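Have a look at the fold first, then read on.

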Amino acid sequence: MQKNPNPEWTLLYFLRFKLRLCGTKEACGEGGCGACTVLQAKFDESTGKIVNAAINACITPLCSTHGSAIITTEGIGSVKAGLHPVQERIAKSHGTQCGFCTPGFVMSMYALLRNNPEPTEQEMEDAFQGNLCRCTGYRTIMEGFKTFCKETAPSANGCCGGKGKNGGCCMDGFINDGESRTELADTLFDPSEFKKYDPKADIIFPSELQLNKNLRKQSLKFQGSDVTWLKPSSLEELLKIKQQHPNSKCVGGNTELGIEVKFKQQLYPVLIYISEIDELTQIQVCDNRLKIGSAVTLSRLQTFCKDLSSNSKRSYGTVLEALLEMLHWFAGQQIRNVATIAGNIITASPISDLIPVLMASGAVVNLRSLKGQTLYLYKYRIEPKLALYKFRLVASHTNT
Ligand SMILES: Cc1cc2nc3c(=O)[nH]c(=O)nc-3n(C[C@H](O)[C@H](O)[C@H](O)COP(=O)(O)OP(=O)(O)OC[C@H]3O[C@@H](n4cnc5c(N)ncnc54)[C@H](O)[C@@H]3O)c2cc1C
Ligand code: FES
Ligand code: FES
């Protein structure tokens with residue numbers, strides 16, 4: 001346990017330089033490549049379930065992980081202790097060359113299986129939207145991991161599926177150098193060699209994190225030499241802190257702020273972590289409107305909208321479809337797992353993917369201070385930065 005974590009440390013820095021767990025790699029350092037993917041597990045008291053999410057350690061503030069369990073590639077298996085089936089299959093399907101991206105792919109697949117032990121191929125592909133590999137061309141990785149999927153295509157043993165010469169396998173052949181004849185393998189791997197995946201054999205969520213109900217709900221303060229990290233436990237407490245420290249910055253997923261601090265040398269002396277505040281993490285359906293808490297993550301919004309459109313008899317029409325379509329293309333899974341809707345709106349980027357959908361659907365942003373105030377999102381059309389400057393308050397929820 002780290003007693004007083006430095007608010008300026010990322011989770012990746014802590015893993016590699018303090019714990020010397022160097023399996024998690026740093027490549028881009030800005031949330032774009034997935035080499036630093038780890039699994040974050042949290043106990044959700046409202047549903048009584050454990051929520052597992054792949055996240056990018058390179059832009060995750062260490063302080064934001066308080067009360068959650070982090071699993072790295074070392075934690076699930078090793079050559080010495082025995083490989084996890086995910087690690088074994090990427091190796092045996094030749095899905096690794098330089099190996100720099102491999103721990104990230106492994107942890108994205110592991111996170112997917114922890115939530116869904118029999119994913120579809122589409123779900124598997126979506127889980128890798130945030131993982132890049134510059135060596136393999138992806139096919140070998142996908143072929144190996146497809147063997148975990150329920151609807152496995154005929155090519156899941158690594159065979160091309162009969163697209164070679166004369167309708168045969170593309171690898172069906174031999175090399176004859178005049179002296180000897182070498183048969184070419186007609187499959188990438190032999191799936192019968194793979195260990196069976198048994199979800200029950202996976203690491204158990206630490207009971208102390210589940211039993212200690214206050215752990216994630218308590219107010220916290222971590223003091224560094226230049227930065228103070230505050231974690232309020234309610235909206236009221238957040239508004240009071242905002243009034244006390246008008247120049248403080250709210251932190252949601254840190255996918256914008258983290259980049260500003262790391263690459264644009266910004267220093268924010270007071271950071272307020274808002275992602276664990278109950279009032280800001282709710283989604284409600286009110287008549288034909290969605291009420292979305294400002295700290296709702298994009299992946300949670302995506303799941304909620306998918307469930308709503310498939311389970312409800314009522315048609316929610318084009319707004320929901322447009323939102324889902326946009327969220328599908330929004331960054332990768334690791335970013336969507338932490339990035340919040342408010343973070344996107346408040347950044348007011350001219351290339352934001354969400355703001356056009358919100359504006360077109362007539363969304364209203366409720367901004368709150370201790371006095372309260374409302375702003376219509378269409379005002380962003382005039383001058384995004386002006387609206388941001390004028391209303392530097394705390395967004396409590398967004399209506400679409
Ligand atoms: C690799 C990568 C890919 C990305 N891809 C996309 C993409 O495809 N499309 C796109 O539009 N964006 C993209 N982004 C940008 C970013 O992920 C989004 O803007 C995201 O929604 C920001 O949310 P956040 O919670 O991480 O914000 P943070 O970084 O936590 O905060 C951003 C800003 O919002 C403020 N803020 C956050 N919450 C509140 C609140 N409740 N009240 C008041 N202020 C608040 C913060 O103080 C800060 O100024 C990407 C970023 C990265 C790193
Ligand atoms: S190092 Fe590239 S996403 Fe973290
Ligand atoms: S194996 Fe080299 S980057 Fe993927």
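Helices (H or I, at least four residues) and strands (E, at least two) are DSSP runs numbered from the N terminus. Contact means heavy atoms within 4.5 Å, and buried means under 20% relative accessible area, with exposed over 50% and partly exposed in between (1.4 Å probe, protein chains only). Just after H3, histidine 94 takes a positive phi of about 60 degrees.

A word on conventions: this is a predicted model, where local features need pLDDT of at least 70, side-chain atom pairs count only at pLDDT 80 or more, and totals for chains, interfaces and linings use all residues. Residues are numbered from 1 along each chain as its sequence is written, chains are lettered from A and ligands numbered from 1 in the order in which they are written, and side-chain values use heavy atoms, leaving out hydrogens and water.

How far can you trust it? pLDDT is the predictor's confidence in each residue, from 0 to 100. The protein chain averages 87, and 85% of the residues score at least 70. Watch residues 381-393, though: the pLDDT there is below 50, and beyond near neighbours in sequence this stretch has 16 contacts in the model.

Overall, the protein chain has 15 helices and 14 strands. Buried residues make up 49% of its 400 residues. Among the contacts with a separation of 6 or more, 64% are between residues 24 or more positions apart. The chain exposes about 20600 Å², with carbon and sulfur atoms supplying 52% of that; accessible areas come from the Shrake-Rupley method with a 1.4 Å probe, and for residues only the protein chains shown count as cover.

Now the ligand. Of the 29 residues around ligand 1, Cys250, Gly252, Gly253, Thr255 and Thr340 come nearest; a residue is near a molecule or strand if one of its heavy atoms lies within 4 Å of it. The shell divides into 13 nonpolar, 12 polar and 4 charged residues. Here Ala, Val, Leu, Ile, Met, Phe, Trp, Tyr, Cys and Pro count as nonpolar, Asp, Glu, Lys and Arg as charged, and the others, Gly among them, as polar. Strand S8 (249-251), helix H13 (341-347) and strand S14 (394-399) each supply at least two shell residues, and H13 gives the most, with 5.

| Protein atom | Ligand 1 atom | Distance |
|---|---|---|
| Glycine 252, polar backbone atom | oxygen | 2.7 Å |
| Alanine 331, polar backbone atom | oxygen | 3.0 Å |
| Aspartate 353, polar side-chain atom | nitrogen | 2.8 Å |

The protein covers 88% of the 990 Å² of accessible area that ligand 1 has on its own.

Finally, threonine 72 sits in the loop between strand S3 (69-71) and helix H2 (73-76). Why does threonine 72 count as buried? Because its relative accessibility is 6%. Its side chain makes a 2.7 Å polar contact with that of glutamate 74.

Notes: Polar contact = N/O pair within 3.5 Å; in protein donor to acceptor, adjacent residues only side chain to side chain.
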